[in-house]
Amino acid sequence: MTTSQKLSNALPVPEPRQRKKLATPTSQEKFEDFLMDNRWLAVILLVLPLNYLFTSYWGLRDFLVRTVLSPLRSHDRTVANIQAQIQKWRESGSKNFLCSRRPAFLQVTLRDGVYKHKDNAIDLPLYDILELDTKKRTVKVEPSVNIGQLTRFLIPKGWCIPVIPEYDDLTMGGMLNGYGIEGSSHKYGLFNDIIVSVDIIVGNGEVVHCSREENPDLFFALPWSYGGIGFAVMIEMQIIPVKKYCRLVYEPMRTVDEMVNRFTELAESATPPEYLEGIQYDFHNGILTHGDFADKVGSDGIYNAMGKWWKPWFHRHAEILMKKDHPTVEYIPLRDYLHRHTRSLYWEGDLIIPIGNHWLFRHTLGWLMPPSVSFLKLTQTKSQRDHYFHKHIAQDYLLPLDKLKEGLELSHDVYEVYPLWLCPHAVLKTSPQGALRAPINNQEIEQYVDIGIWGVPGAVQRREVYDAHVANREYETWLRKNRGYQAMYAISEMTPEEFNEMFDMTLYDAARKKYGSVGVFMDVTQKVLVNKSKLGSNDFAKLV
C-alpha cells in the first residue's frame, strides 16, 4: 500500500449526504446506460476518423493560406462582405437577432445554437493569422483562429501568447467574448487580459477599433459579453519570448490543507512560477505542479516528450507521481506541456474512451486522439444528451483564492466528483471596470482560483437519487455570496437577475446602447441562460 493510500485511509473524509437508493432501473434506462457505457465504440469507429480528416483539412488550408494563397487573401474584403450581409439583413426587415452561421456543434459549449436561423445567420470566414510583430510583441489574428493553430505558428519562432487555454478547438473570438484560463493566469490574468486591441462590427454595422486607450468602454465591455455587442473581426494580443522546454516540478499533496496552503503560497509569491496547476484526485490526495521556461534539459530531472501519441495521458502520469514520497522534476518540450491535457480532454477521456490510456490503444490508435468536442456533440442523440445532463457535471467555478478550501469542501459535499482541476488566475483592476468586479480593498490585482469539476457525481455512481440541477443551483448561490463567478460555457441554473448579481454588467449594458447593439444582437442572458419556462426540466436537451 502506498504512502498516499495509508494517509488517505487514516484522515477523515466528510461523509456523503444521505440519499435514497434509486429504484431498479427500467428496461429503457438499462438500454440508455448501455448505450452511454459503450459509446466509446462509436467514438473510435466514427468520431476519431472524422475528426482526423477534419483537422487535416484545416491544417492544410492554414498552410496554404499562409504560403501559396497569401497574396489572394484579403482581410479587408472579408470584413466588407460581412458588413454587406448585415445591411442585407436590415433591408430584409428580419426580427431575429444577428448571429454567426458557425454550426452549433463546432462551438465549445454545452448549449446548442437554437437561435440560429437562415435569415439571421451571418457568414464569418475569419480563420487566419494576420500579422506577427516581434518588435511590438503582438500578434494579430482573426477571431476563428484556434489555440492549436496559433501555438503551431508561434512556438517554433520562439514566441507565444502568455495565456494558452488547453483545447485546440478554442477560438480567439470565443475566449474574447467568454473566458479563457491557463496555469499562467496568476501572472497574466485571464485570456482577455492579454488582448491589446480589437476591431469589432457593432450594431450599426460600423467597424470600431477599441483598446485600453481608444474606446475603452467598448474594449472592457467585450469580455463575458458572449457576442452581445457585435462581431469581432480582428484581435491583437500580447506575445512573450519562450524557451524550448518547461521545467516542471510535481509535488505530491497528502491533505487538502497541504494543497490549499502550498497552492496559495506559490500563487501569491512575489516571484511566482510561470505555470501553476493542481489536480485533486480525492478529498485529501492531489498533485501540485509548477513550471518555468528552460533552454535545455538539466541534470536535476528527466526528459519527457509527453505530447507523443503513445505517451500516457498527463493526469494518469501525474497520478503515479503523486504516490511517490518526494517531488519529481521533468523537462518537457514547451508545446507538449502547454497541450498536456489535450489528448485526454483533461480526464473526460476516461469516460469517453475508457481504454484510451491503455498502452495498446495508445500505441495503435493514439495518433487519432483527441476526439473533437465538436464531433462528440454532433454524434450525440437527444436521449444521450439528456442522460449526460442528468448524470454528469461539467462546470468551472472561479472564486477568491482565500475561499479555496471552502470551495473544495462544498464541491465534495454537492458533487463528489474527482479529479478536480485547480488553476489560479488574477482578477485585474481596470478603468472602466468590466463584468468581473474590481479587486477588494482597492488593490490592483486579486488572486482567484478556477475549480474545474468534470465527471460523474459519487451519488450517481452509487445509484442514489441525485439532481444535478439542484446541485448546480446550490453551488451558484454560494458563489454569488462569495464574490465568485461561473464559466458560462456550462449549464447555468441562474435567472437573469441572479446573473446580474454575479456579474457587473453595467458597462456591457451601456456599450450595447451606445453602439447600437440592442435589438441587433442577443443579450448575454438570452444566450447563456436556460429558459425553463417553455419546457419541463426533464426534457433538458431541448432547453439548451
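**Salt bridges, cavities and backbone features**

Lys187 is partly exposed, with a relative accessible area of 35%. Here buried stands for under 20% relative accessible area, exposed for over 50%, and partly exposed for the range in between (1.4 Å probe, protein chains only). The structure is a predicted model, in which local features need pLDDT of at least 70 and side-chain atom pairs count only at pLDDT 80 or more, while totals for chains, interfaces and linings use all residues. Residues are numbered from 1 along each chain as its sequence is written, and side-chain values use heavy atoms, with hydrogens and water left out.

The side chain of Lys187 meets that of Glu274 in a salt bridge, with an N to O distance of 2.8 Å. A salt bridge is a side-chain nitrogen of Lys or Arg within 4 Å of a carboxyl oxygen of Asp or Glu. Lys187 belongs to helix H7 (residues 185-188) and Glu274 to the loop between H9 and strand S11 (275-280), so this contact ties together parts that are 87 residues apart in sequence. Helices (H or I, at least four residues) and strands (E, at least two) are DSSP runs, numbered from the N terminus.

In the whole structure, 25 salt bridges are found. Side chains of opposite charge can pair when their charged atoms come close. One of the pairs joins Glu319 to Arg316, and the closest N and O atoms are 2.6 Å apart. Both Glu319 and Arg316 lie in helix H10 (residues 314-322), where a separation of three residues places them about one turn of the helix apart. Arg316 is partly exposed, at a relative accessible area of 25%.

Another salt bridge is formed by Glu501 and Arg480, with 3.8 Å between the closest N and O atoms. Glu501 is found in helix H19 (residues 496-502) and Arg480 in helix H18 (residues 468-481), so the pair ties together parts that are 21 residues apart in sequence. Glu501 is partly exposed, with a relative accessible area of 46%. Arg480, in contrast, is buried, with a relative accessible area of 13%. A network of salt bridges links Glu166, Glu182, Glu277 and Arg340.

A cavity is a set of points, on a 1 Å grid over the protein atoms alone, where a 1.4 Å probe fits but cannot get out; lining residues have an atom within 4 Å of a point. Grid points are joined across faces, edges and corners, and a volume is the space filled by probe spheres set on the points. The largest cavity has a volume of about 240 Å³. It is lined by 19 residues, of which Asn192, Asp193, Phe220, Pro223 and Thr430 are the closest to its centre. At least two lining residues of the largest cavity come from each of helix H8 (216-221) and strand S16 (420-428). The largest contribution to this lining is that of S16, with four residues.

Most residues other than glycine have a negative phi, and most peptide bonds are trans. Tyr418 and Pro419 are joined by a cis peptide bond, with omega about 0°. Pro419 is placed in the loop between helix H16 (404-414) and S16. A cis peptide bond also joins Ser431 and Pro432, and here omega is about 0°. Pro432 is situated in the loop between S16 and strand S17 (445-455).

Asn215 is not a glycine, but has a positive phi of about 50°. Asn215 is located in the loop between strand S7 (207-211) and H8, and with 26% relative accessibility counts as partly exposed. Tyr346, likewise not a glycine, has a positive phi of about 55°. The loop between helix H11 (334-338) and helix H12 (349-352) holds Tyr346, which is buried, at a relative accessible area of 6%.

Two further residues lie in helices. Tyr52, in helix H3 (residues 39-66), is partly exposed, with a relative accessible area of 38%. Asn261, in helix H9 (residues 256-267), is exposed, with a relative accessible area of 53%. The C-alpha atoms of Asn261 and Val198 are separated by 38 Å, and the two residues are 63 residues apart along the chain.

Terms used: 1 Å grid on protein atoms, 1.4 Å probe; cavity = no way out; pocket = protein on both sides within 12 Å on 5 of 7 lines; lining within 4 Å.
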